[in-house]
Amino acid sequence: MLQNLKEIQKEDLRKEVFELKSSGHRFVTATCIDLGDGRFDIIYHFDKNYELKNLRVTIENGEKMPSISDIYFAAVFVENEIKDLFGIDFENLLIDYEGKFMITDELYSPMRKKPVVKVKKGE
Amino acid sequence: MGKRTIVPFGPQHPVLPEPLQLRLVLEDEKVVEAIPAIGYVHRGLEKLAEEKDINQNIYVVERVCGICSFQQALAYCQGIEELMGVEVPERAKYLRVIWAELHRLHSHHLWLGLLADAFGFESLFMQCWRNRELVMDLMEATAGSRVIISTNIIGGVRRDIDEEKQKFILDNLAKLEEELKKIEGAFLNDYTVKKRLVGVGVLSKEEAYELGCVGPMARASGINMDLRTTGYAAYGELDFEPVVEYDGDCYARLKVRLKECYQSIDLIRQAISKMPEGEISTPVKGFPNGEVISRVEQPRGEDVYYIKANGTKNLERLRIRTPTFANIPALVKMLQGVDFAEVPMLVLTIDPCISCTER
Amino acid sequence: MFGMVKNVLNNLFSKPATRLYPKEKRPFFKGTRGSLEIEIDKCIFCGICQRKCPANAIVVDRNAKMWQLNQYKCVLCNVCVESCPKKCLISKEQFNAPTTYKEFYIQKQQEQQLEQEKEAKVAGAGKQ
């Protein structure tokens, strides 16, 4: 189980992150999961004195996320990596690599789940 | 306003162990801005981990990095053991501590050699790497191969260390400690070495905390952060203090890593003397279900694993955040305002392991 | 300066720190994981080693009684050695020499061996 998990909407994200920064938390990382039915889950992890706090945001395919790279500079590389591998757009990134941070142009969002094709025996 | 040029500190450079590109904007020999670009060794291991089953994933995860491979497998196994409720026997916990500290010794000796090579002191580089052979001999005698040792499984370890091998470990560690004392004088008291390292690349304590530094970089700036004090895998029963320095420059980072070598030798001696008898693994049945985060202290810093499983034999998502990925923003900030000739050494003080960063 | 003279004299009269390879080879430790070999007569072709291999390097064919290993994919992890129910896989304590051509390591179980034994017995009985 994840400790201290809080589910929020994407409009409240910047307010929550600003509160965490003023109380002395450190940014650890962000994880993106493809839930398989057109929705994505992004979980942000913060840490203070070896205790983790997690925030979870769920968005649909095609929505844009607000970026937290002006509050925490350390988040800029993680958000660029999510943009490359999953194809989710972030607004107001401090340094924007436009999809070329880690992978080349031929691959298109390689971490998304591919649709499974079922073939019946005998066809 | 001087003349501005852009110089690529390219992916191929004699001082870098792995490819990393930095675009440096220079103004009359002083660096104004640095923009990193990675992606030269991206292998897609997170996607591969969704296609192999739970036991085969241990061997995939070990090969994320060559030097810290034992701690990667340890973090993975600890996460899955927490999800399935498996209790690891005491002797296996102590054996894991011994191999983890041997890997820390190996990594710090490799870094000391590369740093000596970066400021041109080649004979010291060769001495450090000759001492590293003593550590690799120990790993081959106890576990079977020199660099990637593959001894972790879910529920314990695969091999045991008996009395004869324990004596071999203690003899080799005594030899290693003597050699370290001879080298320490050359690193810490030499006039030219000090001229190149003191006062270069200073990070204050608030900046280091805000940029998310981990590992020896954070401990050299005064932050007392070491995940081994939370007590995973028999560290709770051993007696040690994290090594902290307060200056924040390259010389402080060198001192932190040298003192950690002595601390590792001491931890291995304590673990060998306190190890109880018993089994080395418990049998495991069934599949895991749920999500968990497990964290481990690697030689380079804090390593975070996020595992999500859904009750079948494949995992749904495996996410790895390695310590070098967290130290890169600090590198970008540290490079502003230094001379061009000091860039290779500053890149090496964060201990870059780019194959971990890109997986 | 005198420390330096002592160092120089020491280095002149002691033996070299390196080894004259290939005349003198370094002995491997006991328990080193080397390359893989199979005793084909004990194998029952159950296929457990094929399922457990993390690198997909083993192919087992039950009908043709053949066991094949792709040595260039094998990572020497020894999971197959530990999980074989008949203990017929051995890991030698050295590595294979380098070659100039790629070849798989294939072993087949011989069925004609039983017939050859029968013929030898009959021939031996006839001679006497």
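A nonpolar core is a set of buried Ala, Val, Leu, Ile, Met, Phe, Trp, Tyr and Cys residues joined through C-beta atoms within 7 Å. Buried residues have 20 or more other C-beta atoms within 10 Å of their own, with C-beta atoms placed from the backbone. The model is predicted: local features need pLDDT of at least 70, side-chain atom pairs count only at pLDDT 80 or more, and totals for chains, interfaces and linings use all residues. Residues are numbered from 1 along each chain as its sequence is written, while chains are lettered from A and ligands numbered from 1 in the order in which they are written.

The largest nonpolar core holds 114 residues. Ile98(B) and Ala330(B) have the most contacts inside this core. A contact requires C-beta atoms, placed from the backbone, within 7 Å. Leaving aside residues up to four places away in sequence, Ala330(B) touches Leu203(B), Ala208(B), Leu211(B), Cys213(B), Met217(B) and Ile350(B).

Chain A has 123 residues, of which 29% are buried. Its C-alpha atoms fill a box of roughly 65 × 35 × 25 Å along the principal axes. Of the contacts in chain A with a separation of 6 or more, 48% join residues 24 or more positions apart.

Technical notes:
A residue is buried if 20 or more other C-beta atoms lie within 10 Å of its own, exposed if 12 or fewer, and partly exposed in between; C-beta atoms are placed from the backbone. Two residues are in contact if their C-beta atoms, placed from the backbone, lie within 7 Å.
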